[in-house]
Amino acid sequence: MNEKRLMTGGEAMLEILLREGVDTIFGYPGGGIMPFYNSLYDYTDRIRHILMRHEQGCVHAAQGYARTSGRVGVCTVTSGPGATNTITGLADAMLDSTPLVVISGQVPVSLLGSDAFQEVNFVGLAQVVTKWTCQIKHASEIADVMARAFYIARSGRPGPVAIDFTKNAQQEMVELDYKPLNFIRGYVPSPEPNMEQIKEAAKLINEAKKPMALVGQGITLAGAEAELDKFLRKSGIPAGATMLGLSAVPSDHPNYLGMLGMHGCYAANIKNDDCDLLIALGMRFDDRVTCDVKKYGRNAKVVHLEIDPAEINKIIYADAPVLGDLAQTLPLLTEAIEARKHEEWMAELRQANQEEYEKVIKGALHPTEGYLKMGEVINAVSEAYNDNAVLVTDVGQQQLMATRYFRFRSPRSVVTSGGLGTMGFGLPAAIGAKLGTPERDVCLFVGDGGLQMTIQELTTIMQTEVDVKIILLNNFYLGNVRQWQEMFFDHRYSFTDLIDPDFGGIATANKIGYVCVEKREDLAAAIAQMKESKGSFLLEVRVEREDNVLPMVAPGAGVSDMMLEFKK
């Protein structure tokens with residue numbers, strides 16, 4: 001309903017958020033955004049505001065909310081340092097195609113350019129890490145700017161939008177006339193499917209002897225998981241997933257190989273040279289997937305289904321590009337291909353994965369002696385939640401292990417920082433992930449280094465009583481950096497050894513359940529205690545200090561050179 005009445009700019013902003021379906025804001029008030037917060041005081045029965053403890057946490061929480069709910073995440077911060085503290089989150093969301101609208105306060109128009117208190121050129125700073133950014137100088141501009149903001153954030157390849165909201169615009173009176181957008185001249189969010197492209201791609205698929213599908217997050221963003229399943233079952237093509245593409249294919253799918261890339265499954269990497277066709281589905285050939293691009297897919301032709309034309313031929317040449325929304329193009333491709341089976345090729349791949357199981361996975365998941373290992377903890381937690389929890393990770397060894405060994409039955413079950421690799425992402429993102437999908441269990445895996453980067457958000461958990469299960473895999477190292485120092489820098493552990501605080505004391509201070517496990521025989525009971533607890537819980541597991549993530553592709557190597565072991 002577009003009821004016209006006189007209201008402040010702050011109230012107009014809130015009315016727009018309601019009309020765009022926003023039910024949750026992650027924010028932190030301050031002088032530059034105070035008039036908006038004054039208006040928000042009267043809207044708390046309609047919009048839930050989550051008071052985070054740092055503006056970076058605001059953005060990461062909005063990311064978690066967007067990733068699990070499929071909706072636009074929204075956060076509100078003040079000007080100056082409040083705005084600059086969002087830059088890391090915006091960059092993270094831009095690289096991972098997460099739809100956000102970040103609203104920052106700004107000094108009044110009369111003070112712009114004067115180096116006023118807490119004035120910063122946020123539009124200039126945010127331009128390089130957002131899909132679009134704009135400054136609202138007067139209340140009369142709010143409706144048009146916000147209609148564009150939400151349309152741009154969620155349409156086509158999603159991404160973050162930053163809105164700089166001057167203080168005078170928040171206070172001025174305006175008669176709101178808001179109309180959501182579904183068209184902007186010159187902006188083509190999704191190219192229309194081209195049947196000639198579809199036919200050429202189908203021809204290559206029908207001719208291929210050893211094809212492989214590369215499943216990216218584009219499947220999830222398009223909501224095309226069911227279409228993907230039909231494609232894989234009809235084509236008989238084996239599939240691996242990028243880190244952000246995980247859970248688009250259930251872990252027990254008969255065609256599924258596992259994760260792609262530097263620490264992915266052995267088969268999809270080691271057999272790269274044997275593959276004669278790569279079918280990229282909503283992925284961008286990130287360097288963590290391709291490793292040395294000169295050695296990637298050397299004997300394969302490439303079909304690339306992608307919504308963003310800028311990604312076509314950017315890194316890997318596409319013999320048959322297919323532009324458009326995967327929800328539209330993938331069913332057309334499935335219809336055009338022949339029903340086939342690739343049993344011999346699949347058997348080769350399964351054999352390679354069996355070799356990985358014997359040399360790496362069995363020891364990682366089912367050790368019988370020595371210190372607890374990250375893999376066995378992750379496996380045990382996944383089993384405890386029937387492989388159907390939402391996995392949230394921070395960045396580091398626990399991220400690489402969790403994305404390898406956690407299993408998935410449902411879509412939108414992975415929230416992690418992919419492109420930017422942001423330590424500190426996990427805890428605030430888990431808060432947002434739970435609020436975005438309150439009916440599901442949320443399990444956060446975090447390291448002792450990453451947890452301390454945004455540990456203040458434990459207090460947000462205390463205040464909001466959000467239910468997040470936190471599994472701290474503590475090896476008292478910056479583990480991933482230490483692994484590289486061991487492997488490639490002659491064991492020179494330069495400033496990666498951590499002396500940690502009493503995490504139990506911190507959890508108790510924030511009224512969060514806590515238990516610490518050091519022995520294998522105590523693990524199952526501790527996981528059961530965590531699962532049965534009401535509200536959030538911190539399970540600290542002291543794991544082997546120098547455990548390494550394997551398999552691994554060494555720097556400068558091709559994916560087919562993946563190593564299953566590291567000789568010290």
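**Exercise 1.** Determine whether F406 is buried or exposed in this predicted model, and classify the geometry of its ring pair with F445.

*Solution.* Step 1: F406 has a relative accessible area of 2%; burial requires a value under 20%, so F406 is buried. Step 2: F445 has a relative accessible area of 0% and is likewise buried. Step 3: The model contains 8 aromatic pairs. In the pair of F406 and F445, the ring centres are 5.9 Å apart and the planes meet at 70°, so the arrangement is edge-to-face. Step 4: F406 belongs to the loop between α17 (397-405) and β16 (414-415), whereas F445 belongs to strand β17 (residues 442-447); the pair therefore ties together parts that are 39 residues apart in sequence. Step 5: One aromatic cluster is formed by F406, F408 and F445.

**Exercise 2.** Describe the aromatic pair of Y477 and Y493, and state where each residue lies.

*Solution.* Step 1: The centre-to-centre distance is 5.6 Å and the angle between the planes is 80°, an edge-to-face pair. Step 2: Y477 is in the loop between β18 (469-474) and α21 (479-488), and Y493 is in the loop between α21 and α22 (503-509); the two are 16 residues apart. Step 3: Y477, with a relative accessible area of 8%, is buried, while Y493, at 23% relative accessibility, counts as partly exposed.

**Exercise 3.** Identify the charged end that sits over the ring of Y43 and the one that sits over the ring of Y385.

*Solution.* Step 1: Over Y43 sits the charged end of R46, 4.2 Å from the ring centre. Step 2: Over Y385 sits the charged end of K531, 5.4 Å from the ring centre.

Conventions. Residues are numbered from 1 along each chain as its sequence is written. This is a predicted model: local features need pLDDT of at least 70, side-chain atom pairs count only at pLDDT 80 or more; totals for chains, interfaces and linings use all residues. Side-chain values use heavy atoms; hydrogens and water are left out. Rings of Phe, Tyr and Trp (its six-membered ring) pair if their centres lie within 6.5 Å; planes under 30 degrees apart count as stacked, over 60 as edge-to-face and the rest as tilted. Helices (H or I, at least four residues) and strands (E, at least two) are DSSP runs, numbered from the N terminus. Buried means under 20% relative accessible area, exposed over 50%, partly exposed in between (1.4 Å probe, protein chains only). A charge sits over a ring if NZ of Lys or CZ of Arg is within 6 Å of the ring centre and within 35 degrees of the ring normal.
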